[in-house]
Amino acid sequence: MLDLAYLDWPVYQIPKREKRELLTGRLKALTQHHYDHCKEYASLLNAYGVEVNAINSLEDIPFFPVRLFKTYELRSVSETEVFKVLTSSGTTSQTVSRIYLDRNTAIAQTKALVRIMQSFLGKQRLPMLIVDHPGVIRNRLSFSARGAGILGLSNFGRSHIYALKDENMELDMEVIEAFLDKNRNEKIFVFGFTFMVWKYLVQTLEQMGKRIAIPEAILIHSGGWKKLHDEAVDNRTFKSRLQSVTGIQSVHDFYGMVEQVGSVYMECEHGFLHAPSYSDILIRDPYDWSVCGVNQPGLVQVLSTIPTSYPGHSLLTEDIGTLHGEDDCACGRAGKYFTIQGRLKRAEIRGCSDTHAAVQH
Amino acid sequence: MSIFSYVPVYDQSPALDDLVSMPALEPFGETVVNFVDAFSKSMLASPEARTYPELASLAFWLRRSSVEKLKRHSLDETRIRVPRGVAFHVAPANVDTIFIYSWFLSLLCGNSNIVRVSSKPSEQVHVIIGIIAKLFAQKEYADIRNRSLIVQYGHDAQINELFSSRCDVRLVWGGDQTIKEIRKAPLPPTSLEMTFANKYSFAVIDAETIVNADNARLKSLTDAFYNDAYWFAQMACSSPRMILWLSDNQDKTDQARSLFWSSFEERIKQEDTGLDMSDYVNKRVAVDSLALYDQIQIEKNHSNDISRVWLTIPEIHEELHCGAGLFFESAIAELEDLLPLLSRKIQTISYAGIRCERWRNLLIKNNVPGIDRVVPIGKSLDFNYIWDGYDIPGFLMREISVM
């Protein structure tokens with residue numbers, strides 16, 4: 001399982017038949033690996049009567065809900081081999097996921113992310129403007145999802161500056177203008193969480209009646225659309241208003257999660273999220289878990305070649321998504337392309353014990 | 001004077017001070033019996049109410065003949081039973097009709113009532129409240145209107161304290177957490193309390209009975225089980241969460257299960273269970289969580305409307321169970337094997353193919369800490385005035401002895 005040869009696969013160029021074969025082989029081997037090394041995972045597969053040998057397609061790879069990482073410590077390496085524990089942010093729920101990484105998994109995550117990001121950013125590191133405040137990465141021991149995301153992406157830039165002053169999220173125009181002056185003829189890499197970019201860059205500039213002219217810059221953002229959708233802001237609005245205050249043309253969202261760091265799904269020039277070679281998605285019908293076809297929304301199952309230290313190579317997310325096709329996106333990238341419509345609504349609180357909870361709302 | 005932010009459901013509700021100073025009504029007197037009867041008739045006549053089976057069964061439960069039966073149970077001419085005075089009801093959010101059962105039982109016993117209704121929006125509650133509004137508008141029910149304060153309010157300890165300090169009996173539905181909260185509000189020394197804690201229920205089916213059943217019998221049983229389990233999305237305390245198959249023969253059990261579930265599947269395919277994506281995911285989380293640490297077998301079903309898990313050792317796993325059509329199954333060789341399961345947290349056993357006498361004998365012979373009801377499958381959700389081990393009318397009245 002230490003074989004990282006798959007990282008040499010071209011990121012967006014493997015045609016579907018070949019990709020299926022490669023991925024199925026790798027994911028089946030990972031299934032066996034976790035079956036052998038994580039007794040909880042083995043117990044789960046036994047409960048479903050899964051025969052690993054009988055797996056012969058991507059659809060056969062067993063999956064479980066990503067939420068289990070919030071409650072249980074699931075890993076396929078001994079405690080002494082754990083190199084880093086990733087946790088998800090606890091903003092929308094009380095509990096956080098805990099993901100156990102050994103060195104190999106951490107290395108593979110980084111390498112995969114490098115391959116994917118470089119195909120958008122180029123191999124040269126670009127001057128990087130981070131739409132956040134420096135405090136968010138100050139405590140490196142507590143890897144909050146936001147801090148970890150910024151640290152991870154920071155490797156793809158140089159001469160980093162933070163666009164916001166501090167926890168008050170005030171836009172630091174002085175620092176930004178100095179940074180732009182210094183890198184006048186360079187392509188700039190802007191990174192931030194979707195909501196931060198919207199609220200503290202776009203809306204702040206609008207309110208101030210100011211513009212920063214960086215038409216050659218590339219913005220990569222992530223973190224989900226929930227808050228923006230609550231304000232009835234869609235991707236199109238986001239892009240056009242961003243463009244009018246910054247001039248940025250090249251805007252790429254990405255879909256990823258702490259439970260599968262590395263194999264992220266980048267948004268292409270046509271607004272679709274793309275599966276790289278190292279990962280894939282299946283859309284599952286929640287009614288019976290059958291696999292949905294093109295244009296039929298369902299729950300997103302994510303498959304990744306990367307996780308070896310924890311059994312997270314095949315997970316059922318709580319995101320609702322739609323597959324739009326495979327290998328035939330107008331952007332020219334091979335692989336499946338899809339969109340995310342939102343997140344499963346929190347289950348209605350029911351039950352004997354709910355009077356108290358219900359009246360609190 | 002502080003201002004309390006509770007909202008009376010009806011405009012003409014009495015002020016709290018007025019309500020508590022009202023003399024009690026006569027238990028099962030003409031006024032209260034007529035009112036309950038009028039309510040039952042309006043419900044049965046209401047096209048809106050008829051679309052909800054639980055409202056139909058509420059109306060049926062409150063019809064005149066069943067109130068007469070309740071009266072015979074509650075009163076006894078040789079003894080003097082009088083209302084306690086003021087009852088404070090804290091209703092649950094999961095079973096929309098409970099506030100009426102609780103309130104009307106108390107009303108029939110002659111008490112004045114403060115009823116906290118859940119603020120959770122519910123079509124059923126809306127229908128009920130509308131019907132009562134019409135009755136309250138009639139002059140003949142003014143005595144009842146003046147003794148009824150139906151309120152909604154958020155999590156507010158001050159209001160809990162206010163109502164608790166003025167009541168003679170408190171009925172707390174809504175489970176452990178609510179009970180814990182409400183109990184922070186002290187009661188007057190002479191008052192008493194009934195609490196309805198989180199409880200869980202299961203079914204016991206004799207395998208042989210299923211194997212020998214003809215199609216009609218099987219169908220009526222699975223229909224009855226469907227109602228028990230899927231009304232209230234399997235989240236009422238009385239909803240069966242597990243089926244224990246009574247047999248010492250594995251083949252018989254397998255045969256019975258296969259017959260039962262295929263008949264059940266036919267039924268559920270025709271139903272809109274009302275379950276949604278979140279329910280399916282929650283069930284998957286529950287089942288997979290269990291599978292990580294326990295030796296279980298997850299059965300395949302035609303859809304996620306049913307989820308079934310075979311357990312080697314029968315256990316209710318209440319901390320994981322999320323309702324919504326999730327069934328644990330296991331086998332017992334004889335009824336005595338149930339005894340270790342019957343903790344205080346167990347409320348109802350529903351059964352098929354086992355004689356009533358066997359249950360009586362079992363429960364008389366063995367001193368078990370839990371189990372409140374044993375009923376045939378199909379009757380799990382039927383409310384009764386004896387509930388969770390309380391004779392509710394008995395608690396709602398006090399007795400005066402004259403020697």
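1. To start with the chain pairing: 38 residues of chain B are in contact with 28 residues of chain A, contact being counted when C-beta atoms, placed from the backbone, lie within 7 Å. Helix H14 (277-293) of chain B gives the largest share of this side, 13 residues. Helix H10 (176-182) and strand E10 (296-298) of chain B also give two or more residues each. Helices (H or I, at least four residues) and strands (E, at least two) are DSSP runs, numbered from the N terminus.

2. A word on reading this: the model is predicted, with local features needing pLDDT of at least 70 and side-chain atom pairs counting only at pLDDT 80 or more, while totals for chains, interfaces and linings use all residues. Residues are numbered from 1 along each chain as its sequence is written, and chains are lettered from A and ligands numbered from 1 in the order in which they are written.

3. Chain B is assigned domain 1 (7-197 + 388-400) and domain 2 (200-376), with bounds from an automatic or database domain assignment. Their centres, taken over C-alpha atoms, are 32 Å apart, and six residues of domain 1 of chain B are in contact with six of domain 2 of chain B.

4. Chain B has an open, mixed sheet of six strands, ordered E1-E5-E4-E3-E6-E7; strands pair if DSSP finds at least two bridges between them. Strand E1 (7-8) and strand E7 (192-195) of chain B each have a single partner strand, so one side of each lacks a neighbour in the sheet.

5. Within that sheet, strand E4 (112-116) and strand E5 (148-152) of chain B are parallel, joined over four bridges. Here B:Ile114 sits opposite B:Leu149.

Terms used: Contact = placed C-beta atoms within 7 Å.
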